[in-house]
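Hi everyone, thanks for coming.

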Amino acid sequence: PRSTLFPYTTLFRSVARWFMALFVHSRAQTLLTFLFGFGFAVQLVRARERGEDVLPIYLRRLFALLVIGWFHVLALSWVDVTWGYAMTAFFLLAFVRTSDRTRLIAAAALTILPAAIYAIPQVSPWLHSLLFDRPRNAYIDDYAAAVHSGDRIAIMHAHATLALLWTFGGGVAWYLPWLLGRFLLGFVAGARHYFDRDGADHLALFRKLLLWGTIGTAIGSALLTVEILGIFQPSAHALPIRMAEAILSQLTLLAQVAMYVAIVVLLLQRPMWRRLLLVIAPIGRMPLTTYLMQSLICTSLFYGWGLGWATPPPALTIGLGLAIFALQIAIAHLWLRWFRFGPAEWLWRSIVYWRLQPMR
């Protein structure tokens, strides 16, 4: 709903939509899923160097993340990615002994095929009907009513329902394969040590990524412009066109994220930019804490059990998000002066190793 407290113009709304399309929608999660697969590869490499079996620890990490994810769903927000990550990451074990070529082929297939399948109009409704007996909007209405009421039990039930609805009620055709495909890309990058010494050993590769990523982003931005202006609507055209548009959209997304990664790596080689970028580095050392903290802050602002604010317009939503992130950067700097891990990371490690980890 639009709040009367936050009037906004068409210009602000358009700028906000472009910002979200270029920097947030699926971009952030693509980067996070890539890093998840990268982290898995780093764990394998380090375990092999120490002569350890990584499998038991890895499985415990996933089970612990699954538990933390569902606690997050029930207590704070149904928009949780961690339990989906944990579930999908079990399939990474099938690629431990395969070649990087096999991983890349699988990643390409998991990018292209789900996008094409999900473009078929009948797929999502059919999958939804297998598990749910009411339309999607009915569950969303239940969620809105629970949120406004502030009833904790009703909110927990609505959260669990929407989390399952989003993952399995039609989204299962693309979301879980989508995650695994990006995990595999990160797996390859970690196995090949692309980011050792902040990528300094592979600058030629990152320059190529910047070039081709920029070209892909330019093509995608042109398509986005056409779609936003209403010149071309894929849903109004034949199935092959819709499928081609869906596949091209996913490939463009990967190109854009590759461009962003290449830009950061190349800037890290310059002292001035390195100092600026390292300001946000503490966030990367406590990502799970940052993620959970965002849910705690936002539900406290917008849910009925908190301040119960109305939803602000897009431009102010972005401003609020950036303000929260700036606050979290400051918190991360202060916290890591005295502690080794964020509190959620400490809990995760303590569950995995089944003993309290040193914090100071």
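Aspartate 201 and arginine 197 join their side chains in a salt bridge, with N to O at 2.6 Å. Keep in mind, please, that this is a predicted model. Arginine 197 counts as exposed because its relative accessibility is 60%, while aspartate 201, at 46%, counts as partly exposed.

Arginine 274 forms a salt bridge with aspartate 198, and their closest N and O atoms are 2.8 Å apart. Arginine 274 sits in helix α12 and aspartate 198 in the loop between α9 and α10, so this pair ties together parts that lie 76 residues apart in sequence. Both ends are partly exposed: arginine 274 at 30% relative accessibility and aspartate 198 at 32%.

So where do we find a buried pair? Arginine 103 and aspartate 100 are both buried, and their salt bridge has its closest N and O atoms 2.6 Å apart. The two are three residues apart in helix α5, about one turn. Salt bridges with shared partners bring Arg192 in as well, making one network of Asp100, Arg103 and Arg192.

Now, the nonpolar side. The largest core has 45 residues, and Tyr85 and Phe183 are among those with the most contacts inside it. Which helix gives the most to this core? That would be α9, with nine residues. Tyrosine 85, beyond its sequence neighbours within four places, is in contact with residues including Phe36, Leu65, Leu179 and Phe183. A second, separate core has 10 residues, Tyr143 and Leu162 among them.

How values were computed: Residues numbered from 1 in each chain as written. Predicted model: local features only at pLDDT ≥ 70, side-chain atom pairs only at ≥ 80, totals over all residues. Heavy atoms only, no water. Core = buried A, V, L, I, M, F, W, Y, C linked by side-chain atoms within 4.5 Å. Buried < 20%, exposed > 50% of the residue type's maximum accessible area, 1.4 Å probe, protein only. Helix = DSSP H or I, 4+ residues; strand = E, 2+ residues; numbered from the N terminus. Contact = heavy atoms within 4.5 Å. Salt bridge = Lys/Arg side-chain N within 4 Å of Asp/Glu carboxyl O.
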